[in-house]
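Please view the sequence and the structure first.

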Amino acid sequence: MANRVLLGQLASGVHGLKVSKPGINALTAATKDLLFDSTSVRTGMVYAGGQDLTLNDAADNYLTTGSKASLGYIPLVIFSEKNNGQIEVDDIDTSLYGSEISSWKTTTSTVTPVTCQTGGVVSGNQLEGGLPTNGRGYDGISSANENAINVNYFVLRIPCAFGYMNNTYFG
Amino acid sequence: MANRVLIGKGTSQRGGTDKFGMWVSRPGKNVLTCSDDELIMDTDKGGSSDIKGFLQAQSVSVTSGVANATGTTGSISSGATATVSFLNFNWSFGIIPIFGATYTTSGTGTNTEVSGASWTINSFTTSGVNITNNSAQAETLSFSVIPKFSNVARF
């Protein structure tokens, strides 16, 4: 049976805790084979979330309107919903493409389903497109096939936004 | 060197000495006194602003007697609706499925074409997920599951 838990000295001058996957020796395991590794600076601790929500185009307050304190940063949020994957939009004579219909805007208190503004290729082979807009409203796509339906989400204690990916939050 | 691991009786910062649990701080942070946000493992105080669990995706098995040790995939024809059945997840609050697919590209520059998958998750239980492949081609989707943390809409 493999050693699964290493608590104490991990290496010379380094103390902490490691827990390996089943069948993997925690003493020698590669990082990818660890369930928990105290040398990491952030882990997937779930701070808040929503389950079985039909939001359609509306935002959802994951702080549940004041009952939960703000984290002070925009967090990483993992979503699962009914509509997923690529979307193709016909705009008169041009066929536009979006890589993921399940797109969201996250703030320090809310999550909002968004419409990505599909763009084109301009000079220099650069992609261009507008900012996402709140709600889902792709031309030619029915509400049932684009709205945020049967939404489940997890708000993690991991900063995930410009201005928060620094030593203040990861140091 | 900072205290990194606290097991047993808590401190005032960890909810009080009447609390017991296990806490691990970020490298360089003192687990006895650091803020909650500086923890990478927190068994919490049971308060509304404490964590509710860990995001640990579970690999699933679709074959009886096969351990949940590897990621699972299923192939679905274009336009088809199917139920992907799986085993060993009779959790009281149920599961939430997480699906993923790959994208392929062809051509170069302004002639690059992207081909990807689109699908709907119609319903799911602790033993299966009903999905529809809306892509123009058959797709192989990978999935794992995450346990629900409670039976309320927001937690």
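Two strands are taken to pair if DSSP finds at least two bridges between them. Strands here are DSSP runs of E of at least two residues, numbered from the N terminus. The model is predicted: local features need pLDDT of at least 70, side-chain atom pairs count only at pLDDT 80 or more, and totals for chains, interfaces and linings use all residues. Residues are numbered from 1 along each chain as its sequence is written, while chains are lettered from A and ligands numbered from 1 in the order in which they are written.

**Strand pairing**

Within chain B, strand 5 (residues 72-76) pairs with strand 12 (residues 139-147) in the antiparallel sense over five bridges. Strand 12 of chain B is also joined to strand 7 of chain B, again antiparallel, by six bridges. Strand 1 and strand 2 (residues 20-25) of chain B form an antiparallel pair with five bridges. Between the chains, three bridges connect strand 7 (residues 83-85) of chain A with strand 10 of chain B, and these two strands run antiparallel. The table lists residues that stand opposite each other in these pairs.

| Residue | Opposite residue | Strand of the opposite residue |
|---|---|---|
| B:Ser75 | B:Thr140 | strand 12 of chain B |
| B:Pro97 | B:Val145 | strand 12 of chain B |
| B:Gly8 | B:Gly21 | strand 2 of chain B |
| A:Asn84 | B:Trp119 | strand 10 of chain B |

An open sheet of three strands in chain B has the order 1-2-3, with antiparallel pairing. Its edge strands, strand 1 (5-9) and strand 3 of chain B, each pair on one side only. Neighbouring strands of this sheet are turned by 15 degrees against each other on average, direction ignored; the axes are lines fitted to C-alpha atoms, and angles run from 0 to 180 degrees between N-to-C directions.

The domain assignment, automatic or from a database, divides chain B into domain 1 (5-42) and domain 2 (72-147).

**Interface between the chains**

Residues are in contact if their C-beta atoms, placed from the backbone, lie within 7 Å. On this basis, 37 residues of chain B are in contact with 43 residues of chain A. Strand 3 (39-42), strand 4 (53-54), strand 7 (95-100) and strand 10 (118-124) of chain B each supply at least two residues of the side that touches chain A.

**Nonpolar cores**

A nonpolar core is a set of buried Ala, Val, Leu, Ile, Met, Phe, Trp, Tyr and Cys residues joined through C-beta atoms within 7 Å. A residue is buried if 20 or more other C-beta atoms lie within 10 Å of its own, exposed if 12 or fewer, and partly exposed in between. The largest nonpolar core has 34 residues, and A:Tyr153 is among those with the most contacts inside it. Strand 15 of chain A gives the most to this core, with six residues. Apart from it lies another core of eleven residues, including A:Leu6, B:Leu6, B:Val31 and B:Ile40.

Leaving out residues up to four places away in sequence, A:Tyr153 touches A:Gly49, A:Gly50, A:Val77, A:Ile78, A:Phe79 and A:Val111.

**A loop residue**

B:Trp91 is found in the loop between strand 6 (81-85) and strand 7 of chain B. B:Trp91 counts as exposed because it has 12 C-beta neighbours inside 10 Å. Beyond its neighbours within four places in sequence, B:Trp91 is in contact with B:Thr126 and B:Pro147. B:Trp91 and B:Phe149 are 58 residues apart in sequence, and their C-alpha atoms are 9.8 Å apart in space.

Definitions and conventions
Two residues are in contact if their C-beta atoms, placed from the backbone, lie within 7 Å. Helices (H or I, at least four residues) and strands (E, at least two) are DSSP runs, numbered from the N terminus.
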